[in-house]
Amino acid sequence: MKIAILLGILLILGLGTFLHWRTATAIAMCGDILAIVGFFLYIPETPSWLIRKGRLRDAHTTLTKMWGPGREAEVQNDIKIISKRFNFKDNKTMIRNGKKFFSIRQIIPTTLGYMRPYILKPFFIALVFLVFQCFWGNTIITAYKVEIVTKLKGNADWMDSYVISIVATAVEIISLVILCLLLLVIGRRTMGLVSGIGMVICASILIGVLYYEVTADVVIHENAIIWVKILFFMLYNFTAMIGLGILPFIMMGEMLPSKVRGFGTGLIVAIYDVLVGVSLALYPSISNVHGIKGIFLIFGISSLFCTVFVFLFLPETHRKRLEEIETYFHQPNIMWITGNGYRKVKENEQIV
């Protein structure tokens, strides 16, 4: 998904470079229309939702499309595993004529049922991990990339901000492809820590160069300094996208228990979107007051705190079954470093 988003950003930057903004906007709207049509015609419901609603035949059809022909054993195994994860005795619903209707009287008991440690712990870990994106600059860089590049290059009229932004976006896409390959063999925590440390180093060097420009009486090798700033800006984006820029979205679905996964991820993303709007609205004011060096100082400090958070709290979910991850959060620990890791979940064990 993130690769598709960056490809769209790359396309828009290219259109904005060579076409009038009205023409670029019209072309972009065509993509939105196609996406809406595709959403209604081709995107199926998730197997978990279908099984929860008792629509096993539809779930079988969806899983068959996902696995491909000739994989009936895998399809049946997935249906069996997903069905076991739902404990319908705990559902605060009434069943009438084969359909579920929510009972108003059960709102408070249902809400209190979600206030359990094994639900709250992964929820807040996923929430904080995602919210850090607003502070270390993921959304701000995406929205203000051309403006940031313009401020970094200063008075260097020989450098085109749009071209540099296109190259920076291409670098991010390459880093995401690398991440997709690395996640097959390397753990989430390792990638998060490598990404965070790399971001802190790049931000620190970039801040040092920016302060050098401000404090030095005469800037030596001015053109070389500009290229250093652009280079470490791109490296900052590269190291972000091989870990912290995408892991929160991956790990939300892995950490949250199945019975609250839809509601929990929706609430987390809603909170995140509100904070994204706030951070984007505050960026111009902060940039005008503290300059680009102040912006990257905030990014660097936030990257450091996010890296520490990953080390202390983020569980390792690589090659772990969803049942094992849910069982891990039943432990009394909050921090990963104080826990006992995972225990093997028996095949017939019911997670409640």
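1. Asp 160 caps the N-terminal end of helix α10, with a side-chain oxygen that lies 2.8 Å from the backbone nitrogen of Tyr 162. Helices here are DSSP runs of H or I with at least four residues, strands are runs of E with at least two, and both are numbered from the N terminus.

2. On provenance, this is a predicted model, in which local features need pLDDT of at least 70 and side-chain atom pairs count only at pLDDT 80 or more, whereas totals for chains, interfaces and linings use all residues. Residues are numbered from 1 along each chain as its sequence is written, and side-chain values use heavy atoms, with hydrogens and water left out.

3. Helix α10 covers residues 161-182, and its 22 residues reach 31 Å from the first C-alpha to the last, close to the 32 Å expected at 1.5 Å a residue (the expected span being 1.5 Å times one less than the number of residues). Among its buried residues are Ile 164, Ala 168, Val 171 and Leu 179, together with the polar Ser 165 and Thr 169 and the acidic Glu 172. Buried means under 20% relative accessible area, exposed over 50%, and partly exposed in between, with a 1.4 Å probe and protein chains only.

4. For the chain as a whole, the secondary structure comes to 15 helices and 2 strands, and buried residues make up 41% of the 352 residues. Among contacts (heavy atoms within 4.5 Å) between residues at least 6 apart in sequence, 72% join residues at least 24 apart.

5. There are 8 salt bridges, counted where a side-chain nitrogen of Lys or Arg lies within 4 Å of a carboxyl oxygen of Asp or Glu. In one of them, Glu 254 and Arg 188 meet at 2.7 Å, N to O; this pair links distant parts of the chain, since Glu 254 belongs to helix α13 (residues 247-255) and Arg 188 to helix α11 (residues 188-215), 66 residues apart. Both Glu 254 and Arg 188 are buried.

6. Another salt bridge joins Glu 147 to Lys 151, with the closest N and O atoms 3.5 Å apart. These two residues are 4 residues apart in helix α9 (residues 145-153), and therefore separated by about one helical turn. Glu 147 is partly exposed at 32% relative accessibility, and Lys 151 is also partly exposed, at 30%.

7. Asp 58 and Arg 55 form a salt bridge as well, their closest N and O atoms being 2.9 Å apart. Asp 58 is partly exposed at 33% relative accessibility, as is Arg 55 with a relative accessible area of 36%.

Key: A polar contact is a pair of N or O atoms within 3.5 Å; within protein, one must be able to donate a hydrogen and the other to accept it, and residues adjacent in sequence count only if both atoms are side-chain atoms.
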